[in-house]
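Please look through the model below with one topic in mind, namely how the parts of a protein chain meet.

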Amino acid sequence: SQLFIKDLHFDGVPVRIYLPREPSAGKRRGVIFFHGGCGIFGSIRSYERICRYIARKSDSVVASVGYHLAPEHKYPAQTLECLTATVHFLKTAETYGVDPARVIVCGDSVGGTYTASVCQELGRRTDIPKICAQVLIYPFLQALNFNLPSYQKNAAVAFLSRERAVNFLLKYLDKDCSLKEPILAGSHVPESINLKYRKWVNPDFIPDVFKLGYKSLLPTSFLPQVHEEVQELFEPWFSPLLAEDAVVCPLPDTCIVTCEHDVLRDEGLLYKKRLEDNNVRVTWHHVEKGFH
């Protein structure tokens, strides 16, 4: 009763808009929301309650993006649709009573991945309003190392176990699930890439409080045929943590949410460090008893 709700299309991308009914003295804030679900499930409808809640509690106009799911719609269709919807909303924000200078992008899980990718893509553009801030809720940000402390600690946690995370990743890319074991072992990453990215993807950068019981594993043998099968894993659109500093520097103010009982916890911690190293303002909220 407190919201107008409309189903629209932004340049062909399904979107549901939540607009507070109460008249506003000025232009409202805008929130673009990308739902989670590993890119293979989830929908506007399944995130209805959270989007209504955000719109009501923050007195904002929320645009929930219904990107088409993989593997029927092949990667990177999901990222591209999120980008298209974001650009459309930034250009037409005033139509919905939104101040284009006060628009944030927000997403959970793979929605956090899309949030990071969209903000990286738009960071240097000058033809549209700047995104005010990004909110990454336990985001997936890298596919190099599945043996970080949080992956070891939460390997068998319900819903998103270590094995299931890689299974979802392979289904998302429409790859053979037989690739799971070598990827879990790190055999998909050549030494040259490990050397290049260890300045960013490195358990040494995880605070000691999060490394209780962590065991550093010996390097596994590299399998070129596996590497060739999963080239997408090394693209910044898939692994935003691997973006160059020149892409990270212009990013907007950021809020990162991590959960203790989550294999993806350390990706949020590593991205937090990367952003701070590039002088991006970061607010970090850690849910000690939280699950993915």
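A salt bridge is counted here when a side-chain nitrogen of Lys or Arg lies within 4 Å of a carboxyl oxygen of Asp or Glu. By that rule, 2 salt bridges are found across the interface of domain 1 and domain 2 in this predicted model. Lysine 74 pairs with aspartate 174 in a salt bridge whose closest N and O atoms are 2.9 Å apart. Polar contacts between domain 1 and domain 2 amount to 11 residue pairs, with both residues at pLDDT 80 or more.

As for the two parts themselves, the domain assignment places residues 3-142 together with 237-291 in domain 1, whereas domain 2 covers 149-234. The contact draws 34 residues from domain 1 and 29 residues from domain 2, while the C-alpha centres of the two domains lie 25 Å apart.

The size of an interface is often expressed as the accessible area that is lost when the parts come together. Between domain 1 and domain 2 the buried area is about 2900 Å², and carbon and sulfur atoms give 69% of that area. Within domain 1, the residues that lose the most area to domain 2 are Phe238, Leu242 and Val263, which together account for 25% of what that side buries.

Notes
Residues are numbered from 1 along each chain as its sequence is written. This is a predicted model: local features need pLDDT of at least 70, side-chain atom pairs count only at pLDDT 80 or more; totals for chains, interfaces and linings use all residues. Side-chain values use heavy atoms; hydrogens and water are left out. Domain bounds come from an automatic or database domain assignment. Contact means heavy atoms within 4.5 Å. Buried area is the accessible area (1.4 Å probe) that two parts lose on being put together, summed over both. A polar contact is a pair of N or O atoms within 3.5 Å; within protein, one must be able to donate a hydrogen and the other to accept it, and residues adjacent in sequence count only if both atoms are side-chain atoms.
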